[in-house]
Structure formats: C-alpha cells, structure tokens
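Open the model in your viewer and keep the selection panel at hand. The stops below say what to select and what is there.

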Amino acid sequence: MSLTLSEVQHIANLARLELSEEEIARYREQLSAILDYAARLQSVETSQTPALVSASADHLPLREDKVRPGLEIQAALRNAPQSEECQFRVPPVLE
Amino acid sequence: MPAPETLSIFDMLAGLRRGDFSSVELTRACLARIERLEPALHTLITYTPELALRAAAEADRRYLEWRRDDPSATWMLPALLGVPLMVKDVLCLENVRCTCGSKILENFSAPFTATPVQRLLQAGMVVAGKTNTDEFAMGSSTENSAYGPSRNPWDTSRVPGGSSGGSASAVAARLVPAALGSDTGGSVRQPASFCGITGIKPTYGRVSRYGLVAYGSSLDAVGVFAASVAETALVFASMAGHDPLDSTSANLPVPSISLTSDPSLKGLRVGVPQEYFISGIQPAVEAKVREAIAQLEALGASVQAVSLPHTEYALPVYYLIAPAEASANLARYDGIRFGLREPAEALWDVFKRSRGAGFGSEVKRRIMLGTYALSAGYYDAYYGQAQKVRALIKDDFTRVFEQVDVIACPVAPTTAFRIGEHGDDPLAMYLEDIFTLPANLAGVPGLAFPVGFDEAGLPVGMQLMGPHFKEETLFRAAHAYQQVTGWHKQHPAL
C-alpha cells in the first residue's frame, strides 16, 4: 500500500507533530514500506483467537482503592516550562 | 587497590568486607577509569561522581559500624554495599536529570527514584552515572540518541547495540561491574550479545516498572548487565519482586537464586527452535551458538528440536503494538508540565511545535506508525489483528515449555555492525530484533551471555528463554556453561 501525503499529514495532526515537508515525504515512503511488511499479518487465521492485551494477565493484582500520598506541588512544578504560584502557565485555550 | 577492571562483584564485596580497600577507593578507581575511557566510548549522558562518592562514603561508614559492632554478622550487611553501578537514562533517580536520550527531556530533573534503582540503592550500590540510550529506548544501536552514539569497546568503529548500549559498553569495558538497562524488544539482550557480556530481560512483571519512563507498557522490562551470570543474578535478585506502585508487578515471591560450582545439567531439557536458525544469519553466529548448545549437552542436558511456528510474525506484530503503545505513552510530552516547550500563540501550536522540535526522527516515525495503527478505520486491521497474532505467539511458547525447560537460540542474527551501516533504513534496523522480540511479546524471561567470537574478533551471544518467572532455570544453565568456559572472562583491549 502507499499512503498519500495528505494521509501522512492527517496522522501527524492526530499525533500533534509539526513536520517539515521533507519529513512528510520521507515518512510517507518509510511508513508505506513498514505497513507493507506488516500486511503479512492479514493472512494469519485468527477468527477464534482472542486478542492478547497483556503478557501477565494471570497474575495481575488489584489494589485497594485507597488515597495515598503523591507528588508534592513544588516537586510537580519544578520541571514546568512556565509556572505561576501553584499552577502551570499555558497559552490561552479559548479566544 | 587492585585495578577495578580485574575485580568481579564478588571480589569487590570480599575486599570491602576484609577491609582491603574502601568503597571510596574502589569508586575513585572506577571514576578514574570512566574518565580515561569515556572520550572513546561515550557510555554516559550524565556523569554523577559527587553522588557516587557520597554514597561510597556512606557505604564505608556502614562497613566501619559493622566491623566495630559484630563482624560475624555479615547477614546484616546490605547485599551489594559499596559496589559501583550505572543506570540507563530511562530510569528515574531523584534530583538527577533523566533525558531518555531525547532533547525533549534535556533539562528534566527526576522528582522521584524508580523502584528497581531504589532497591539497589538500599542494597548499597553506588551510582556513577546515567547511561546513553537510543531516544526513548527506540533503537538497536544507540545511534538514535540525541547525545550521539556510544561505541563498542571491542571495536570503537562499531555500535554497542541498543537501546541500552551505554550500559553494555560500560560493563564490557569494566568501567563499572554492573549496569541497569530496559528491554522492550531486545534492548538488554542484543547489546549484551554485541559487547560480550551477560544480560537478563526478566519475566514481564518480575521487576517493577515504577519510575521507568514508559515506551511499550505491555512489553517493557527492567534488566541488568554484568560480566558473568552469577553477578547478573545477584543484582537481579536485589531488585526483583512485587511493588504496589506498579499495577502489573507480579505478587509472587522471588526465589533465592543459588548457583553452585557443580556444572552438571543432568535432567535439563533444552529446546532448539528451527525458526531461529534462518538463512541470512551470520555463519559465525550460528556456528558458535550450535557449539554452545553442544556444550550444554556435554554437561548433561538433553537437547531436542522444537518449533515456534509463529516466529516470523513477531516482527510485524511488535512493530504495530510497540509503536501503538508508544504513541499513547509519548502523548504526555506536550510542553506543558515538563520538558521542552516551543512558544506559540495558541495551545495547539505549543503541542505541535514542542513535539516536532523535541523528538528525533525514529521517535516521530514510531509515533506516526502507532497513531496510524490505532486510528479510526485501521484499528481492527492493524492493532487488533496484531494483538491476536500476539496471542498465537504466546501460545507457541506455552506449548514448547510443556516439552522443554529452556529454549536456546541466537540473540541477534549478526555481531556488532558499524556505526552508520544501516543508515536511514528503519526496516533493516528492525530486523536486528527478530530473535529477541518474541520473549517480550510472550512476557517470558530471556538471558543473553557470550559464547565465542566471530572471525573479526567480535563477541557472539546466545539466548536462553524460559517459562514465566523461571529466571532461576536460565541462570543455572548459563552459570553451568560459564563454569566450564571462559568467554565471559575475556576483556577488550583498551
């Protein structure tokens, strides 16, 4: 299969990635090749096979739903690109 | 103080207990070796000598107390007190930066310590630095690190493998006796093989992932490198076990791993899967692995052919599932709470520009691939079908482990390749992982260890895989092999 440039641009938008035209062209070629390779999975008979979502399902413990201490506010803000008082500062979300 | 590169972890612990040298002396000797060889190898992203010397001084204080109070009570000493360690830069260590080999986290200072690292700190280990990795552990060579590639100490024009290549290079060069890595598709085992050392990818859920920066959450495992199996097992045992902070951590006891000097493998059933000896495999790799299997047989193991018929699908399954999980996990890098922010007028543009500028090309490629595989209209055909075939791959292992105790096979189809050799051909690079991916998909443990050299003098590794939570069986078999061979004692000339 071959992806179109606009399909690649659409995926980049979904992934919130700003890509150059050169990157769009390159990823179009490379993703098409990888998806071609992955197409061999379509021939595997799986109509009776349930999807495997975890390699450890047999041993997954459930924890009690109890409040426990988390990251302190100052520690959480320490890596913020911009913060003010106890909050992350961001550009306007609404006009 | 003997040269640190001549000492095993056991030698170090014995010397520290006897008082032949202090942890500060040992650590200073390792730091001097790091400073001498680092320009040639580039194993580290962040070097932490002050932190190491503080931890070493604390270890010495504890040895002093023990010697003064009750020198007969060695059980009171933490298991690895005063022994140097390096940590792959995808595992958090509080107040030290954690870059994941990415520009997007260049200035990120970890607010807490990962559980496996915390346990090794409690066991007394001394962290000398954070090691180089392919960006977000996506790669097989460290060439995808935003901080430049690490080099293989056996031939510095070659890669050490990846993604945990900095850790493998450092242990192979004996800068430190042990290092932590992470393995999502082979990122501990393949660099162990390329660098001629031992490396374990534990069972999924055996070692906590808390504080490991997520890549493919259903596949990620924290592993260890050391020169020998016995040293690897010692460090593994100190960090394994249940952690309530990781919801996928198995609530099972970790057996104490007892390795004896008796190399008999009588009763051990070894399976050799035909699907792992394909055309295209480097002849020296196949030859050395077959010799090692013969050695296991000579030690008393019974060897039989087995079949894992869905092996050929592991690569396409992995390269849909891992990128899909990565595309979700890496959504957190949005320039808001931490990491790089590229300024823009609108919030939407902050996301796009920060991610576009902060991620390297392999990370973007996998985010794109994963986003596509999860997108409306393609989910069932790609991600859904991959999960079903993943179930078939896991079933293959379940069936084979009814017949045998371990599976023996190559780690990688080749020995270490040259830096730049795979250029910008992602599929060629992905093929490096064909023998290691299945263990991650099935969640079973895999152990890589050296079994010889190719004609260019580059190490060849063998992989043993076992049933879930049977790391001990792998350690015992490989330890028996190392009792009668000397490949793990070979050092690169540096």
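**Two helices in chain B**

Select α4(B) and α7(B): P116(B), R119(B) and L120(B) of the former are in contact with V235(B), S238(B) and M239(B) of the latter, contact being heavy atoms within 4.5 Å. By class, these residues are four nonpolar, one polar and one charged; Ala, Val, Leu, Ile, Met, Phe, Trp, Tyr, Cys and Pro count as nonpolar, Asp, Glu, Lys and Arg as charged, and the others, Gly among them, as polar.

The model is predicted, so local features need pLDDT of at least 70 and side-chain atom pairs pLDDT 80 or more, while totals for chains, interfaces and linings use all residues. Residues are numbered from 1 along each chain as its sequence is written, chains are lettered from A and ligands numbered from 1 in the order in which they are written, and side-chain values use heavy atoms, without hydrogens and water.

Now show the axes of α4(B), residues 115-122, and α7(B), residues 229-239: they come within 8 Å and cross at roughly 110°. Axes are lines fitted to C-alpha atoms, for helices over the stretch in contact, with angles from 0 to 180 degrees between N-to-C directions. The two helices, α4(B) and α7(B), are therefore roughly perpendicular (65 to 115 degrees; under 35 is roughly parallel, over 145 roughly antiparallel, the rest oblique). Helices are DSSP runs (H or I, at least four residues), numbered from the N terminus.

**A second pair**

Next, select α1(B), residues 9-18, and α3(B), residues 49-69, which pack at about 55° with axes 10 Å apart. That makes α1(B) and α3(B) oblique to each other. Show L13(B), L16(B) and R17(B) on α1(B), then Y63(B), W66(B) and R67(B) on α3(B); these make the contact. Four of the contact residues are nonpolar, none polar and two charged.

**Between the chains**

Finally, select both sides of the contact between the chains: 56 residues from chain A and 71 residues from chain B. The area buried between chain A and chain B is about 5400 Å², with 66% from carbon and sulfur atoms (accessible area, 1.4 Å probe, lost on putting the two parts together, summed over both). Select R16(A), L41(A) and L52(A), which supply 12% of the area that chain A buries against chain B, more than any other three residues.

Which residue of chain A forms a salt bridge with R353(B)? It is E18(A), with the closest N and O atoms 3.6 Å apart. Chain A and chain B share two salt bridges (a side-chain nitrogen of Lys or Arg within 4 Å of a carboxyl oxygen of Asp or Glu).
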